[in-house]
Amino acid sequence: MEPGLYALGNPRPDSPVFVSANYTLSFDALRSSLEGIDGYILVLDTKGINVWCAAGKGTFGTDEIVNRVFATHLKEVVTQRKLILPQLGAPGVAAHEVKKRTGFWVEYGPVRAADLPEYLQTHKATPQMRKVKFPLRDRLVLIPVDLIRLIPTCWPSPS
C-alpha cells in the first residue's frame, strides 16, 4: 500500500481523517469498517508493518505523522484539525508534538476498526472497545500473508 491520502466515499473539507499503516490488512480492515462513511485515510509509511508492531518499532510515530500531514498538504484538503488514530498506535505517538508541529489534534479511536462506526457517534470508546483480543480466527488470517512473504526466500535466484 502506497503511503498517502485516500478518499472514502465523497468526503468534504469537514470530514474525519483516519490514520493507518501501509500494511494492506490494516488498510483493508479500516476501509471495510468505514463503508458508507465519507472521510479520508492518511496512510503512513510503516514499511508494510501493522500499526501495533510499527508503533513499537517507531515507524508508526510522531515524525511519520508530521511528515505525512505535510507531504499530503492535509491542511489544504480539510478544514477540521483532528486525526483519528487506532489506539494500538498510541505507544509510538506523542500527541502533543503532533499538535505543536502540525496544528492537528490526535484522537485515539478503538482497538478494532470494526468498532469505528459506533465510536464515531460519541467519539468515546467503551471499555470493550479498548480491549485487545487476538483470537485464533484472527491469527489464522495472517498465515497466507506470511507464507506469501516467504516465497521469494524459498526460490533460488537464477544464476
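**Notebook: the sheet and its helices**

I began with the sheet, which is open, has 5 strands in the order 1-3-2-4-5 and shows mixed pairing; two strands pair if DSSP finds at least two bridges between them. Strand 1 (4-8) and strand 5 are at the edges with a single partner strand each, so one side of each lacks a neighbour in the sheet. From one strand to the next, the twist averages 30 degrees.

This is a predicted model, where local features need pLDDT of at least 70, side-chain atom pairs count only at pLDDT 80 or more, and totals for chains, interfaces and linings use all residues. Residues are numbered from 1 along each chain as its sequence is written, and side-chain values use heavy atoms, without hydrogens and water.

Helices (H or I, at least four residues) and strands (E, at least two) are DSSP runs, numbered from the N terminus.

Next I looked at helix 3, which packs on the sheet and touches strand 1, strand 3 and strand 4; contact means heavy atoms within 4.5 Å. The direction of helix 3 makes about 125 degrees with that of strand 3; angles run from 0 to 180 degrees between N-to-C directions, with axes fitted to C-alpha atoms, for helices over the stretch in contact.

Which helix axis comes within 9 Å of that of helix 3 (residues 62-71)? I found helix 5 (residues 95-102), crossing at roughly 25 degrees. The two are therefore roughly parallel, a label for angles under 35 degrees. Helix 3 contributes Thr62, Asp63, Ile65, Val66, Val69 and Phe70 to the contact, and helix 5 contributes Glu97, Val98, Arg101 and Thr102.

Last, I noted 4 bridges between strand 4 (residues 82-85) and strand 5 (residues 105-108), which run parallel. Lys82 stands opposite Trp105.

Terms used. Parallel < 35°, antiparallel > 145°, perpendicular 65-115°, else oblique.
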